[in-house]
Amino acid sequence: MDDSRPTITRRGYTLIEVLIVVTIMGIAGALVIPSSEQAGVLRSQAAVRTIVSDLVVAQADAVAMQEQRAVVFSPETNGYALYRARGADFETDENLMIDPFNPNTDRYEVTFTQEQFGVVQLTDAEFDGTGSAVVFDEFGAPVVAVGSNTPSTGGTITLVDDYFTFTVDLQAFTGRVVTSKVELP
């Protein structure tokens, strides 16, 4: 009799192998997936980064176009807008800068009521001890007002979420931006 049929060996995973794989996947998942608190903080940090980048955009545009630019913050509307600073009454629709990232609108306005920013609230913005607008001259330096050449003393923008207070400081003369975060009690 010819017994030339191949023998089939069935091999499965042992319980130990399965437990090791599940444990490794659990550890990797815990490292990769942020908790809901961290996700909220990440959204708030996105708001801070947006402010910083838009301050730099206004500053660079002032240098590139050789004319003043302004960023006007509004705690009442929880946002801000970027303007071409022409004349004393620059906060008009015709002076709003064009938003290159949003093809649906030509207005360079940001509001923190959008879901991508979580529950962050713009609570305060003060520059030169008087107003909520920062103006950059044609050299990219902050100045006290539209049409002025007097250097700014700088200012601070304050954002608050459920866990932290974030500040964005604009330094005098240079326009350097520095951010900080303080945990709420």
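Arg-107 and Glu-109 form a salt bridge, with their closest N and O atoms 2.9 Å apart. A salt bridge here is a side-chain nitrogen of Lys or Arg within 4 Å of a carboxyl oxygen of Asp or Glu. Arg-107 is partly exposed, with a relative accessible area of 28%. Glu-109 is partly exposed too, at 38%. Buried means under 20% relative accessible area, exposed means over 50%, and partly exposed lies in between (1.4 Å probe, protein chains only).

This is a predicted model: local features need pLDDT of at least 70, side-chain atom pairs count only at pLDDT 80 or more, and totals for chains, interfaces and linings use all residues. Residues are numbered from 1 along each chain as its sequence is written, and side-chain values use heavy atoms, leaving out hydrogens and water.

**Salt bridges**

Side chains of opposite charge can pair when their charged atoms come close. A search of the whole structure finds three salt bridges.

| Pair | N to O distance |
|---|---|
| Arg-69 and Asp-61 | 2.5 Å |
| Arg-69 and Glu-67 | 2.9 Å |
| Arg-107 and Glu-109 | 2.9 Å |

Asp-61, Glu-67 and Arg-69 are linked in a network of salt bridges. Arg-69 is buried, with a relative accessible area of 2%.

**Surface patch**

Tyr-13, Val-18 and Val-22 make a nonpolar surface patch of about 350 Å². Patches are made of residues with over 30% relative accessible area and no salt bridge; like charges are joined within 9 Å, and nonpolar side chains (Val, Leu, Ile, Met, Phe, Trp, Tyr) within 5 Å. Tyr-13 is exposed, with a relative accessible area of 73%. Tyr-13 lies in the segment before helix H1 (15-32).

**Overall fold**

The protein chain has two helices and nine strands. Both are DSSP runs numbered from the N terminus: helices are H or I with at least four residues, strands are E with at least two. Along the sequence the pattern is α-α-β-β-β-β-β-β-β-β-β.

The C-alpha trace spans about 105 × 40 × 30 Å along its principal axes. Buried residues make up 34% of the 185 residues. The accessible surface of the protein chain is about 11,600 Å², and 57% of it belongs to carbon and sulfur atoms. Accessible areas come from the Shrake-Rupley method with a 1.4 Å probe; for residues, only the protein chains shown count as cover.
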